[in-house]
Amino acid sequence: MLKDVLTAIFSYIGTTTDYFVVLLLLFGKYSTKQDTKLVVLGAYLGNGLLVLTSIIIALVLQQVPEEWLLGLLGIIPIIIGVKGYFSKEDEGEEIEEKLKIIKPDAILWNVLVITFSACGADNMALYIPYFTMLNLQILPTDHFSPVYYYLDGCDCGSI
């Protein structure tokens with residue numbers, strides 16, 4: 001149990017350092033109580049979508065023969081890294097541009113999209129191999145999910 005909790009904590013910390021900056025920008029732009037609630041809800045939903053997508057991909061990968069699995073899982077972070085290296089896009093500028101065009105009535109949706117698009121690659125590169133190695137039938141009772149969502153709430157300042 002302690003191993004699962006520590007794995008959840010360190011995997012969360014490892015994937016949210018960039019997301020913390022995104023949250024700072026979002027909370028700086030939306031400081032009213034109502035807007036802050038929408039940002040927190042959008043952050044939870046965006047992270048939940050990342051986890052759900054990773055679980056679905058992990059379920060598909062569990063059907064792949066075991067001798068191919070390591071090679072397939074190893075190539076995912078390599079592809080993401082090479083794409084990021086050759087990309088001329090700056091995540092910070094992209095997020096700032098998205099923040100400028102957010103309509104006040106679409107804060108929740110836009111925070112969800114920003115969370116998924118800006119933080120998706122590195123999170124999924126870590127979560128997919130982790131979930132692939134788990135018995136996904138016990139995932140809802142696994143220690144990863146509660147710890148992860150508690151830390152997400154701490155990140156948003158809602159806890």
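Tyr127 and Phe131 are both buried, where buried means under 20% relative accessible area, with a 1.4 Å probe and protein chains only. The model is predicted, local features need pLDDT of at least 70, side-chain atom pairs count only at pLDDT 80 or more, and totals for chains, interfaces and linings use all residues. Residues are numbered from 1 along each chain as its sequence is written, and side-chain values use heavy atoms, without hydrogens and water.

The structure has one aromatic pair. Tyr127 and Phe131 form this pair, which is tilted, with 6.1 Å from centre to centre and 35° between the planes. Because Tyr127 and Phe131 are four residues apart in helix H5, about one helical turn separates them.

Helix H5 also packs against helix H2, at an angle of about 35° and with the axes 7 Å apart. Helices are DSSP runs of H or I with at least four residues, and strands are runs of E with at least two.

| Helix | Residues |
|---|---|
| H2 | residues 33-61 |
| H5 | residues 107-132 |

The crossing of H2 and H5 is right-handed, meaning that the near helix is turned clockwise from the far one by less than a right angle. The contact of H2 with H5 has 22 nonpolar, nine polar and one charged residues.

The protein chain contains six helices and zero strands. Of its 159 residues, 35% count as buried.

Conventions. Axes are lines fitted to C-alpha atoms, for helices over the stretch in contact, and angles run from 0 to 180 degrees between N-to-C directions. Ala, Val, Leu, Ile, Met, Phe, Trp, Tyr, Cys and Pro count as nonpolar, Asp, Glu, Lys and Arg as charged, and the others, Gly among them, as polar. Buried means under 20% relative accessible area, exposed over 50%, partly exposed in between (1.4 Å probe, protein chains only). Rings of Phe, Tyr and Trp (its six-membered ring) pair if their centres lie within 6.5 Å; planes under 30 degrees apart count as stacked, over 60 as edge-to-face and the rest as tilted.
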